[in-house]
Amino acid sequence: MRVIGLISGTSVDGIDVALTEIEGEGYDLRVDLLDGCTVPYPDDLRQRILAVCAGQPITLAALADLDEAIAHQFAQAAQRVIDQSGPVDLVASHGQTVFHRPIQGDQLAYSVQLGRGASMARRLGVPTVSNFRRADIEAGGEGAPLVPIVDLCLLSHPQQRRCVQNIGGIGNVTYLPTWDRSQTPQPPAILGWDTGPGNSLIDIAITTLSEGTLTYDADGAWAAQGTPCQDLIHDWLQNPYLHQPPPKSTGRELFGWDYFQRCYADAQRQGLSPTDIVATLTQFTAATIAQSYRSFLPALPDAILVGGGGCRNPMLMAYLQAEFPEIPVTPTDKAGVPAGDKEALAFAVLGYWRWQEFPGNLPAVTGAGTTTLLGECHRP
Ligand SMILES: Nc1ncnc2c1ncn2[C@@H]1O[C@H](COP(=O)(O)OP(=O)(O)O)[C@@H](O)[C@H]1O
Ligand SMILES: [Mg+2]
(Lines give C-alpha, C1' and ligand atoms only; values in the text may rest on other atoms or scores of the structure.)
(Ligands and ions follow the chains in the order given, each with its own letter.)
Protein backbone atom coordinates (compact mmCIF):
# COMPACT_ATOMS: atom_id res chain seq x y z
CA MET A 1 0.00 0.00 0.00
CA ARG A 2 1.32 3.45 -0.87
CA VAL A 3 0.82 5.81 2.05
CA ILE A 4 1.72 9.47 2.48
CA GLY A 5 2.46 10.60 6.05
CA LEU A 6 2.28 14.31 6.94
CA ILE A 7 3.14 16.26 10.05
CA SER A 8 4.10 19.71 11.17
CA GLY A 9 5.51 19.80 14.68
CA THR A 10 5.71 22.44 17.37
CA SER A 11 8.56 24.24 15.54
CA VAL A 12 5.95 25.30 12.92
CA ASP A 13 8.77 25.37 10.34
CA GLY A 14 6.94 23.48 7.62
CA ILE A 15 5.08 20.33 6.64
CA ASP A 16 7.12 17.12 6.57
CA VAL A 17 5.90 14.72 3.89
CA ALA A 18 6.93 11.07 3.56
CA LEU A 19 5.81 8.84 0.69
CA THR A 20 6.03 5.23 1.79
CA GLU A 21 5.28 1.74 0.54
CA ILE A 22 4.08 -0.40 3.44
CA GLU A 23 3.36 -4.14 3.49
CA GLY A 24 2.67 -6.58 6.32
CA GLU A 25 0.68 -6.68 9.51
CA GLY A 26 1.12 -5.50 13.08
CA TYR A 27 4.79 -5.27 14.01
CA ASP A 28 5.76 -7.46 11.09
CA LEU A 29 6.03 -4.62 8.57
CA ARG A 30 8.13 -3.75 5.57
CA VAL A 31 8.30 0.03 5.19
CA ASP A 32 10.11 1.64 2.24
CA LEU A 33 10.57 5.40 2.15
CA LEU A 34 10.11 6.38 -1.50
CA ASP A 35 10.26 10.15 -1.12
CA GLY A 36 10.53 12.68 1.67
CA CYS A 37 10.52 16.47 1.79
CA THR A 38 9.59 19.47 3.92
CA VAL A 39 7.30 22.10 2.43
CA PRO A 40 7.84 25.38 4.34
CA TYR A 41 4.76 27.31 5.46
CA PRO A 42 4.13 30.64 3.73
CA ASP A 43 5.28 33.27 6.20
CA ASP A 44 1.84 34.80 6.88
CA LEU A 45 0.31 31.38 7.67
CA ARG A 46 3.26 30.57 9.97
CA GLN A 47 2.72 33.83 11.84
CA ARG A 48 -1.00 33.09 12.25
CA ILE A 49 -0.21 29.63 13.65
CA LEU A 50 2.48 30.93 16.01
CA ALA A 51 0.09 33.57 17.33
CA VAL A 52 -2.47 30.88 18.27
CA CYS A 53 0.27 28.70 19.77
CA ALA A 54 1.39 31.67 21.87
CA GLY A 55 -2.12 31.89 23.33
CA GLN A 56 -3.37 34.97 21.48
CA PRO A 57 -7.18 35.14 21.35
CA ILE A 58 -8.89 34.02 18.13
CA THR A 59 -12.56 34.07 17.13
CA LEU A 60 -14.24 30.80 16.17
CA ALA A 61 -14.69 32.12 12.62
CA ALA A 62 -10.96 32.87 12.37
CA LEU A 63 -10.19 29.46 13.85
CA ALA A 64 -12.34 27.79 11.17
CA ASP A 65 -10.46 29.76 8.50
CA LEU A 66 -7.12 28.77 9.95
CA ASP A 67 -8.16 25.08 10.14
CA GLU A 68 -9.13 25.25 6.47
CA ALA A 69 -5.96 27.12 5.41
CA ILE A 70 -3.79 24.49 7.12
CA ALA A 71 -5.79 21.64 5.53
CA HIS A 72 -5.27 23.34 2.17
CA GLN A 73 -1.52 23.66 2.77
CA PHE A 74 -1.22 20.01 3.88
CA ALA A 75 -3.25 18.83 0.86
CA GLN A 76 -1.01 20.88 -1.45
CA ALA A 77 2.09 19.31 0.09
CA ALA A 78 0.63 15.81 -0.46
CA GLN A 79 -0.51 16.68 -3.98
CA ARG A 80 2.98 17.83 -4.90
CA VAL A 81 4.36 14.39 -4.01
CA ILE A 82 1.49 12.63 -5.83
CA ASP A 83 2.18 14.71 -8.96
CA GLN A 84 5.86 13.76 -8.81
CA SER A 85 5.62 10.12 -7.82
CA GLY A 86 2.17 8.85 -8.77
CA PRO A 87 -1.09 8.01 -6.97
CA VAL A 88 -1.34 6.80 -3.38
CA ASP A 89 -3.85 4.61 -1.53
CA LEU A 90 -3.94 6.47 1.77
CA VAL A 91 -2.98 9.78 3.34
CA ALA A 92 -2.20 9.92 7.08
CA SER A 93 -2.07 13.45 8.43
CA HIS A 94 -1.13 14.44 11.95
CA GLY A 95 -1.96 18.08 11.20
CA GLN A 96 -0.59 21.08 13.08
CA THR A 97 -0.64 21.08 16.88
CA VAL A 98 -1.71 24.49 18.17
CA PHE A 99 -2.61 23.54 21.74
CA HIS A 100 -1.67 20.68 24.04
CA ARG A 101 -2.73 20.39 27.65
CA PRO A 102 -1.53 17.30 29.52
CA ILE A 103 -3.77 15.46 32.00
CA GLN A 104 -4.51 17.71 34.99
CA GLY A 105 -5.95 16.07 38.08
CA ASP A 106 -9.12 14.30 36.99
CA GLN A 107 -9.37 16.26 33.71
CA LEU A 108 -8.65 14.48 30.45
CA ALA A 109 -5.79 15.82 28.35
CA TYR A 110 -6.74 18.26 25.60
CA SER A 111 -4.86 18.48 22.31
CA VAL A 112 -5.80 20.43 19.19
CA GLN A 113 -4.44 19.60 15.74
CA LEU A 114 -5.62 21.78 12.88
CA GLY A 115 -5.83 20.85 9.17
CA ARG A 116 -8.97 18.77 9.18
CA GLY A 117 -8.85 15.39 7.47
CA ALA A 118 -12.28 15.67 5.88
CA SER A 119 -11.15 18.69 3.83
CA MET A 120 -7.96 16.96 2.82
CA ALA A 121 -9.76 13.77 1.68
CA ARG A 122 -12.09 15.90 -0.37
CA ARG A 123 -9.36 18.01 -1.96
CA LEU A 124 -7.09 15.03 -2.69
CA GLY A 125 -9.73 12.42 -3.57
CA VAL A 126 -7.80 9.97 -1.35
CA PRO A 127 -8.92 8.34 1.93
CA THR A 128 -7.33 10.29 4.76
CA VAL A 129 -6.72 9.39 8.39
CA SER A 130 -6.39 12.32 10.80
CA ASN A 131 -6.88 13.34 14.43
CA PHE A 132 -4.59 10.64 15.77
CA ARG A 133 -4.47 11.83 19.38
CA ARG A 134 -8.16 11.88 20.25
CA ALA A 135 -8.85 8.20 20.91
CA ASP A 136 -5.87 7.85 23.23
CA ILE A 137 -7.00 10.92 25.16
CA GLU A 138 -10.52 9.48 25.42
CA ALA A 139 -8.93 6.33 26.84
CA GLY A 140 -7.41 8.46 29.59
CA GLY A 141 -3.98 8.97 27.97
CA GLU A 142 -1.93 12.06 27.22
CA GLY A 143 -2.45 11.50 23.46
CA ALA A 144 1.33 11.82 23.21
CA PRO A 145 3.94 10.79 22.39
CA LEU A 146 2.62 8.51 19.61
CA VAL A 147 5.82 7.76 17.70
CA PRO A 148 7.45 5.32 20.21
CA ILE A 149 5.44 2.32 18.91
CA VAL A 150 6.77 3.01 15.41
CA ASP A 151 10.31 3.33 16.78
CA LEU A 152 9.76 -0.04 18.44
CA CYS A 153 8.69 -1.53 15.12
CA LEU A 154 11.42 0.03 12.95
CA LEU A 155 14.42 0.71 15.17
CA SER A 156 14.61 -2.09 17.77
CA HIS A 157 17.82 -4.07 17.74
CA PRO A 158 18.45 -7.67 18.92
CA GLN A 159 21.60 -6.85 20.90
CA GLN A 160 21.55 -3.10 21.43
CA ARG A 161 19.47 -1.11 23.91
CA ARG A 162 18.60 2.11 22.16
CA CYS A 163 17.22 5.52 22.97
CA VAL A 164 15.55 7.14 20.00
CA GLN A 165 15.55 10.85 20.80
CA ASN A 166 13.47 13.15 18.65
CA ILE A 167 14.46 16.81 18.84
CA GLY A 168 11.70 18.84 17.22
CA GLY A 169 10.23 21.90 18.94
CA ILE A 170 9.83 19.61 21.98
CA GLY A 171 12.10 16.66 22.77
CA ASN A 172 10.81 13.13 23.17
CA VAL A 173 12.48 9.83 23.81
CA THR A 174 11.70 6.18 23.13
CA TYR A 175 13.64 3.63 25.17
CA LEU A 176 13.96 0.33 23.32
CA PRO A 177 15.24 -2.72 25.22
CA THR A 178 16.83 -5.39 23.02
CA TRP A 179 14.36 -7.36 20.90
CA ASP A 180 15.29 -10.49 19.00
CA ARG A 181 12.21 -11.11 16.90
CA SER A 182 13.40 -14.51 15.71
CA GLN A 183 13.26 -15.70 19.34
CA THR A 184 10.39 -13.62 20.78
CA PRO A 185 7.59 -12.47 18.47
CA GLN A 186 5.98 -10.55 21.34
CA PRO A 187 7.50 -7.02 21.59
CA PRO A 188 9.22 -5.95 24.83
CA ALA A 189 7.76 -3.29 27.11
CA ILE A 190 9.19 0.06 26.07
CA LEU A 191 9.17 3.53 27.61
CA GLY A 192 8.63 6.93 26.06
CA TRP A 193 7.92 10.49 27.17
CA ASP A 194 8.45 14.13 26.28
CA THR A 195 11.83 15.07 27.71
CA GLY A 196 11.17 18.85 27.66
CA PRO A 197 12.31 21.56 25.25
CA GLY A 198 13.74 20.52 21.88
CA ASN A 199 14.63 23.39 19.57
CA SER A 200 11.83 25.63 20.86
CA LEU A 201 13.86 27.78 23.27
CA ILE A 202 16.82 28.08 20.89
CA ASP A 203 14.49 29.11 18.05
CA ILE A 204 12.70 31.72 20.19
CA ALA A 205 16.05 33.08 21.44
CA ILE A 206 17.42 33.43 17.92
CA THR A 207 14.20 35.05 16.68
CA THR A 208 14.30 37.53 19.58
CA LEU A 209 18.03 38.28 19.52
CA SER A 210 18.16 38.68 15.72
CA GLU A 211 15.06 40.92 15.90
CA GLY A 212 13.14 38.54 13.67
CA THR A 213 15.69 38.25 10.87
CA LEU A 214 16.54 34.60 11.76
CA THR A 215 14.29 31.78 12.99
CA TYR A 216 16.83 29.17 14.15
CA ASP A 217 20.51 28.80 15.00
CA ALA A 218 21.67 27.46 11.62
CA ASP A 219 24.36 24.81 12.17
CA GLY A 220 24.71 25.95 15.79
CA ALA A 221 26.72 29.00 14.68
CA TRP A 222 25.64 31.31 17.53
CA ALA A 223 26.00 28.60 20.19
CA ALA A 224 29.51 27.80 18.91
CA GLN A 225 30.62 31.38 19.61
CA GLY A 226 29.18 31.58 23.12
CA THR A 227 30.04 30.18 26.53
CA PRO A 228 27.26 28.43 28.46
CA CYS A 229 26.51 29.65 31.98
CA GLN A 230 26.58 26.54 34.20
CA ASP A 231 24.83 28.24 37.14
CA LEU A 232 21.79 29.05 35.04
CA ILE A 233 21.68 25.55 33.55
CA HIS A 234 21.78 24.13 37.07
CA ASP A 235 18.90 26.41 38.15
CA TRP A 236 16.78 25.76 35.08
CA LEU A 237 17.16 21.99 35.55
CA GLN A 238 15.08 22.32 38.74
CA ASN A 239 11.94 22.89 36.63
CA PRO A 240 9.14 20.66 38.04
CA TYR A 241 8.15 19.18 34.66
CA LEU A 242 11.68 17.84 34.25
CA HIS A 243 11.36 15.98 37.56
CA GLN A 244 7.87 14.61 37.01
CA PRO A 245 8.02 10.86 36.32
CA PRO A 246 6.61 9.52 33.02
CA PRO A 247 4.11 9.07 31.45
CA LYS A 248 4.17 12.78 30.60
CA SER A 249 3.89 15.11 27.65
CA THR A 250 4.39 18.81 27.13
CA GLY A 251 4.30 21.53 24.51
CA ARG A 252 5.04 25.13 23.70
CA GLU A 253 2.54 26.09 26.41
CA LEU A 254 5.26 25.21 28.95
CA PHE A 255 8.51 25.56 26.98
CA GLY A 256 7.59 28.47 24.75
CA TRP A 257 7.56 32.22 24.74
CA ASP A 258 6.87 32.83 28.46
CA TYR A 259 9.47 30.32 29.55
CA PHE A 260 12.03 31.98 27.28
CA GLN A 261 11.22 35.40 28.75
CA ARG A 262 12.12 34.10 32.21
CA CYS A 263 15.37 32.57 30.91
CA TYR A 264 16.16 35.82 29.10
CA ALA A 265 15.65 37.87 32.27
CA ASP A 266 17.94 35.45 34.19
CA ALA A 267 20.57 35.70 31.44
CA GLN A 268 20.47 39.49 31.41
CA ARG A 269 20.96 39.56 35.18
CA GLN A 270 24.09 37.46 34.65
CA GLY A 271 25.28 39.85 31.91
CA LEU A 272 25.34 37.16 29.20
CA SER A 273 25.96 38.16 25.57
CA PRO A 274 23.51 37.01 22.85
CA THR A 275 25.80 34.14 21.81
CA ASP A 276 26.27 33.12 25.47
CA ILE A 277 22.47 33.00 25.86
CA VAL A 278 22.10 30.72 22.84
CA ALA A 279 24.99 28.52 24.02
CA THR A 280 23.39 28.29 27.49
CA LEU A 281 19.97 27.33 26.08
CA THR A 282 21.58 24.81 23.74
CA GLN A 283 23.52 23.09 26.52
CA PHE A 284 20.44 23.29 28.79
CA THR A 285 18.36 21.49 26.16
CA ALA A 286 20.94 18.67 25.96
CA ALA A 287 21.09 18.57 29.78
CA THR A 288 17.28 18.15 30.11
CA ILE A 289 17.52 15.07 27.89
CA ALA A 290 20.46 13.64 29.82
CA GLN A 291 18.87 14.35 33.20
CA SER A 292 15.66 12.59 32.19
CA TYR A 293 17.60 9.49 31.02
CA ARG A 294 19.47 9.34 34.32
CA SER A 295 16.26 9.82 36.32
CA PHE A 296 13.78 7.60 34.51
CA LEU A 297 15.50 4.87 32.45
CA PRO A 298 15.97 1.39 33.92
CA ALA A 299 19.48 1.38 32.37
CA LEU A 300 21.45 3.69 30.11
CA PRO A 301 21.25 2.66 26.44
CA ASP A 302 24.05 1.30 24.25
CA ALA A 303 23.27 3.85 21.55
CA ILE A 304 21.39 7.15 21.23
CA LEU A 305 19.79 7.73 17.84
CA VAL A 306 18.61 11.29 17.21
CA GLY A 307 15.86 12.36 14.83
CA GLY A 308 14.18 15.67 13.99
CA GLY A 309 15.73 19.00 13.06
CA GLY A 310 17.82 19.14 16.24
CA CYS A 311 20.22 16.54 14.90
CA ARG A 312 21.28 19.14 12.33
CA ASN A 313 22.52 21.43 15.10
CA PRO A 314 26.11 20.23 15.68
CA MET A 315 26.41 22.10 19.00
CA LEU A 316 23.28 20.44 20.41
CA MET A 317 24.58 17.06 19.27
CA ALA A 318 28.03 17.78 20.78
CA TYR A 319 26.53 18.81 24.14
CA LEU A 320 24.42 15.64 24.19
CA GLN A 321 27.44 13.50 23.29
CA ALA A 322 29.45 15.21 26.06
CA GLU A 323 26.80 14.12 28.59
CA PHE A 324 27.39 10.45 27.65
CA PRO A 325 31.00 10.10 26.46
CA GLU A 326 30.72 6.28 26.38
CA ILE A 327 27.53 6.09 24.30
CA PRO A 328 27.54 6.87 20.57
CA VAL A 329 25.10 9.69 19.70
CA THR A 330 24.23 9.61 15.98
CA PRO A 331 21.35 10.61 13.70
CA THR A 332 18.78 7.84 13.08
CA ASP A 333 20.07 7.68 9.49
CA LYS A 334 22.76 5.34 10.83
CA ALA A 335 20.01 2.84 11.67
CA GLY A 336 18.31 3.18 8.30
CA VAL A 337 15.63 5.82 8.98
CA PRO A 338 16.44 9.34 7.71
CA ALA A 339 16.26 11.70 10.70
CA GLY A 340 14.33 14.42 8.86
CA ASP A 341 11.64 12.03 7.57
CA LYS A 342 11.14 9.90 10.67
CA GLU A 343 8.10 11.65 12.14
CA ALA A 344 6.21 11.86 8.83
CA LEU A 345 7.07 8.24 8.14
CA ALA A 346 5.80 7.31 11.62
CA PHE A 347 2.39 8.82 10.84
CA ALA A 348 2.27 6.92 7.54
CA VAL A 349 2.72 3.74 9.61
CA LEU A 350 0.12 4.84 12.20
CA GLY A 351 -2.33 5.57 9.35
CA TYR A 352 -1.64 2.15 7.83
CA TRP A 353 -2.26 0.52 11.20
CA ARG A 354 -5.56 2.42 11.53
CA TRP A 355 -6.58 1.13 8.11
CA GLN A 356 -5.64 -2.42 9.20
CA GLU A 357 -7.43 -1.89 12.50
CA PHE A 358 -4.27 -2.49 14.52
CA PRO A 359 -4.22 -0.45 17.78
CA GLY A 360 -1.56 2.27 17.58
CA ASN A 361 -1.22 3.52 21.15
CA LEU A 362 0.98 2.11 23.90
CA PRO A 363 -0.71 2.59 27.29
CA ALA A 364 2.65 2.38 29.09
CA VAL A 365 3.81 5.40 27.09
CA THR A 366 0.71 7.59 26.94
CA GLY A 367 -0.89 6.52 30.22
CA ALA A 368 -4.13 5.41 28.50
CA GLY A 369 -6.28 2.79 30.21
CA THR A 370 -6.49 0.57 27.11
CA THR A 371 -5.07 0.11 23.64
CA THR A 372 -7.20 1.72 20.94
CA LEU A 373 -7.32 2.42 17.22
CA LEU A 374 -5.78 5.83 16.52
CA GLY A 375 -7.16 8.23 13.95
CA GLU A 376 -10.40 9.04 12.18
CA CYS A 377 -10.94 7.78 8.63
CA HIS A 378 -12.32 10.18 6.02
CA ARG A 379 -13.34 8.82 2.63
CA PRO A 380 -13.48 11.27 -0.27
N1 LIG B 1 20.84 23.22 9.94
C2 LIG B 1 20.26 23.37 11.14
N3 LIG B 1 20.94 23.89 12.17
C4 LIG B 1 20.38 24.06 13.39
N5 LIG B 1 19.11 23.76 13.67
C6 LIG B 1 18.36 23.24 12.67
C7 LIG B 1 18.88 23.02 11.36
N8 LIG B 1 17.88 22.50 10.60
C9 LIG B 1 16.78 22.40 11.40
N10 LIG B 1 17.08 22.85 12.64
C11 LIG B 1 16.15 22.95 13.79
O12 LIG B 1 15.13 22.00 13.64
C13 LIG B 1 13.85 22.63 13.80
C14 LIG B 1 12.82 21.88 13.03
O15 LIG B 1 12.83 20.56 13.49
P16 LIG B 1 11.59 19.61 13.27
O17 LIG B 1 12.06 18.22 13.54
O18 LIG B 1 10.96 19.89 11.96
O19 LIG B 1 10.66 20.09 14.46
P20 LIG B 1 9.07 19.96 14.57
O21 LIG B 1 8.79 18.51 14.57
O22 LIG B 1 8.75 20.64 15.86
O23 LIG B 1 8.52 20.68 13.38
C24 LIG B 1 14.07 24.05 13.36
O25 LIG B 1 13.11 24.91 13.93
C26 LIG B 1 15.48 24.31 13.86
O27 LIG B 1 15.46 24.69 15.20
MG1 LIG C 1 9.08 20.59 11.48
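These questions and answers concern the domains, a ligand shell and a helix pair in a predicted model.

Q: Where does ligand 1 lie relative to domain 1 and domain 2?
A: The chain is divided into domain 1 (2-143 + 340-378) and domain 2 (148-327). Both domains give residues to the shell around ligand 1, so the ligand lies between them.

Q: Which residues come nearest to ligand 1, and how does its shell divide by class?
A: The shell has three nonpolar, 12 polar and six charged residues. Of the 21 residues around ligand 1, those that come nearest are Gly9, Gly168, Asn199, Gly308 and Gly309.

Q: Which element gives the largest share of the side of domain 1 that touches domain 2?
A: The centres of the two domains, taken over C-alpha atoms, are separated by 23 Å. Their contact takes 25 residues from domain 1 and 29 residues from domain 2. On the domain 1 side, the elements that give two or more residues are strand 3 (28-40), strand 4 (90-101), helix 13 (342-356) and helix 14 (363-366). The largest share, five residues, comes from helix 13.

Q: Is helix 6 roughly parallel or roughly antiparallel to helix 11?
A: The axes of helix 6 (residues 200-209) and helix 11 (residues 274-296) come within 9 Å and cross at roughly 170°. Angles over 145 degrees count as roughly antiparallel. Therefore helix 6 is, relative to helix 11, roughly antiparallel.

Q: How many nonpolar residues are in the contact of helix 6 with helix 11?
A: Helix 6 brings Leu201, Ile202, Ala205, Ile206 and Leu209 to the contact, where they meet Pro274, Ile277, Val278, Leu281, Thr282 and Thr285 in helix 11. Two residues of this contact are polar and no residues are charged, while the nonpolar residues number nine.

Terms used. Residues are numbered from 1 along each chain as its sequence is written. Chains are lettered from A and ligands numbered from 1 in the order in which they are written. This is a predicted model: local features need pLDDT of at least 70, side-chain atom pairs count only at pLDDT 80 or more; totals for chains, interfaces and linings use all residues. A residue is near a molecule or strand if its C-beta atom, placed from the backbone, lies within 6 Å of it. Ala, Val, Leu, Ile, Met, Phe, Trp, Tyr, Cys and Pro count as nonpolar, Asp, Glu, Lys and Arg as charged, and the others, Gly among them, as polar. Domain bounds come from an automatic or database domain assignment. Two residues are in contact if their C-beta atoms, placed from the backbone, lie within 7 Å. Helices (H or I, at least four residues) and strands (E, at least two) are DSSP runs, numbered from the N terminus. Axes are lines fitted to C-alpha atoms, for helices over the stretch in contact, and angles run from 0 to 180 degrees between N-to-C directions. Angles under 35 degrees count as roughly parallel, over 145 as roughly antiparallel, 65 to 115 as roughly perpendicular and the rest as oblique.
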